Amino acid sequence: MSDATTRVLLIEDNPDDACFLLEALSETREEQIELVHVVQLDDAAKRLREETFQVILLDLSLPDSQGIETVLRVQDQAPSVPIIVLTGLDDDNIALQAVRAGAQDYLVKGDIDARILVRSIRYASERKQAYEEMAHLAADLTRANKVKDDFLSVMSHELRTPLIAIMGYARLLEADFSGGATSEHAKAACVIRQKSDELLGMIRRILEVVKIESGQVMVVPDIVDLTEFMKDLSKSYPVAVKKNVAVEWEYPAQLPKVVTDATKLNQILQTIIDNAIKFTHEGHVTISVREVSDKTSVEFTVRDTGMGISRDVLPLIFDKFHQADSSEKRDHEGMGLGLYIAKKFAEMLHGNITVESHLGTGSEFTVTIFNRLPANGDAPHSKDQRQTNSNTTRKWSNAQ
């Protein structure tokens, strides 16, 4: 037997079909193929343990095995050997199931000739090899991603512990120097504490990304009163947020209740509001809320009069580690993770974030969250009262 010979194990209990396949292979000279025939799956298992085959031709209806189970049992015996399923004229459905279960190809017995048989044997081997190479690459990629995630997680945890200690000592120094607020020591303690706060925020965002990408972040839905939610959110932005920037809040006096994850919604909006304030040097940042007319969703809009985002950068701002200004001389620090996390959280809440922006005139971010309120209501007011209140808009500003 030549080294180039392809050994094929035929598992077929019908002698006429087996004879036909033997004759078909004898007619071709394109390939050197040795066909070994057995009639039962148990006999095939013994052969596979003792000998080497490059391809298996498998009938799905055997005396000791039937249907898809036949494919699975053969795969257990010879996971690296490609399988070509042999079916009857009316068995296309089961043949497709066999391919989905791991077979490389299928042939309809009534349509087989020498050319088709040889080609299928050759292609089955190539497909199996390509599949195994892809499986190895996927496994390598999975391992690499796990190593990366484990590294980021461990490093973030290890960095956070000493950082919290540094922050604690910085606060103690600030307290000690509180009587002499203009001293250089007091200023240095304040800078240490502020920069430590920034670094801790970066570490927390890295941990959040690791959790998102490893599927560890869970949505915790609850019935959220958006009126109270917005009141609480506005308390995070006191009057002295930033010089020359007014923070304005506009929404109806009565907002609906929705079923969502309040913690994630809060983080989404805080990220967008913080960015709007950071990139606005003068003017205003306006946060508004409205219930869509069909009452299926609620829109939160954050508009600013800041520096804006260029058209070519706009499609990339939700990418991980991307920053609108990535130059070394940029005025604003950050890792480019905030909007990535916000986008992921919005998707988890079955919502989305859209943005419109123009350089020099500002940006407008819209967060849409679908209303998941149960049909029989937990609405805080009757329909008439909601309509009356909707005509009154709450508006105030935290002006500097």
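Over the ring of which residue does the charged end of Arg7 sit? The ring is that of Phe53, with the charged end of Arg7 4.6 Å from its centre. A charge counts as over a ring if NZ of Lys or CZ of Arg is within 6 Å of the ring centre and within 35 degrees of the ring normal.

This is a predicted model: local features need pLDDT of at least 70, side-chain atom pairs count only at pLDDT 80 or more, and totals for chains, interfaces and linings use all residues. Residues are numbered from 1 along each chain as its sequence is written, and side-chain values use heavy atoms, leaving out hydrogens and water.

**Helix α8**
- Helix α8 covers residues 262-278, 17 residues in total. Helices (H or I, at least four residues) and strands (E, at least two) are DSSP runs, numbered from the N terminus.
- From first C-alpha to last, α8 reaches 24 Å, close to the 24 Å expected at 1.5 Å a residue. The expected span is 1.5 Å times one less than the number of residues.
- Asp261 caps the N-terminal end of α8, with a side-chain oxygen 3.1 Å from the backbone nitrogen of Thr263.
- Buried residues in α8 include Leu265, Ile268, Leu269 and Ile272. Buried means under 20% relative accessible area, exposed over 50%, and partly exposed in between (1.4 Å probe, protein chains only).

**Lys264**
- Lys264 lies in helix α8. Its relative accessibility is 9%, so Lys264 counts as buried.
- Lys264 lies over the face of Phe345, 5.6 Å from the ring centre.
- These two residues are 81 apart in sequence, yet 6.2 Å apart in space, C-alpha to C-alpha.
- Beyond residues up to four places away in sequence, Lys264 touches Val217, Met218, Val219, Phe345, Met348 and Leu349. Contact means heavy atoms within 4.5 Å.

**Nonpolar cores**
- The largest nonpolar core has 48 residues, and Met230 and Phe300 have the most contacts inside it. Such a core is a set of buried Ala, Val, Leu, Ile, Met, Phe, Trp, Tyr and Cys residues joined through side-chain atoms within 4.5 Å.
- Helix α8 gives the largest share of this core, seven residues.
- Leaving aside neighbours within four places in sequence, the contacts of Phe300 include Met230, Leu265, Leu269 and Phe365.
- A second, separate core has 20 residues, among them Ala44, Ala78, Val85 and Ala103.

**Aromatic pairs**
- There are two aromatic pairs. Rings of Phe, Tyr and Trp (its six-membered ring) pair if their centres lie within 6.5 Å; planes under 30 degrees apart count as stacked, over 60 as edge-to-face and the rest as tilted.
- Tyr237 and Trp249 have ring centres 6.1 Å apart and planes at 45 degrees, so the pair is tilted.
- Tyr237 is in the loop between α7 and β9, while Trp249 is in strand β9, 12 residues away. Tyr237 and Trp249 are both buried.
- Phe318 and Phe365 form an edge-to-face pair, 6.4 Å centre to centre with 80 degrees between the planes.
- Phe318 is in the loop between β12 and α9 and Phe365 is in strand β14, so this pair ties together parts 47 residues apart in sequence. Both Phe318 and Phe365 are buried.

**Ser357**
- Ser357 lies in strand β13, residues 352-358. With 8% relative accessibility, Ser357 counts as buried.
- A polar atom of the Ser357 side chain lies 2.8 Å from the backbone nitrogen of Ile309.
- The side chains of Ser357 and Ser363 make a polar contact at 2.6 Å. A polar contact is a pair of N or O atoms within 3.5 Å; within protein, one must be able to donate a hydrogen and the other to accept it, and residues adjacent in sequence count only if both atoms are side-chain atoms.
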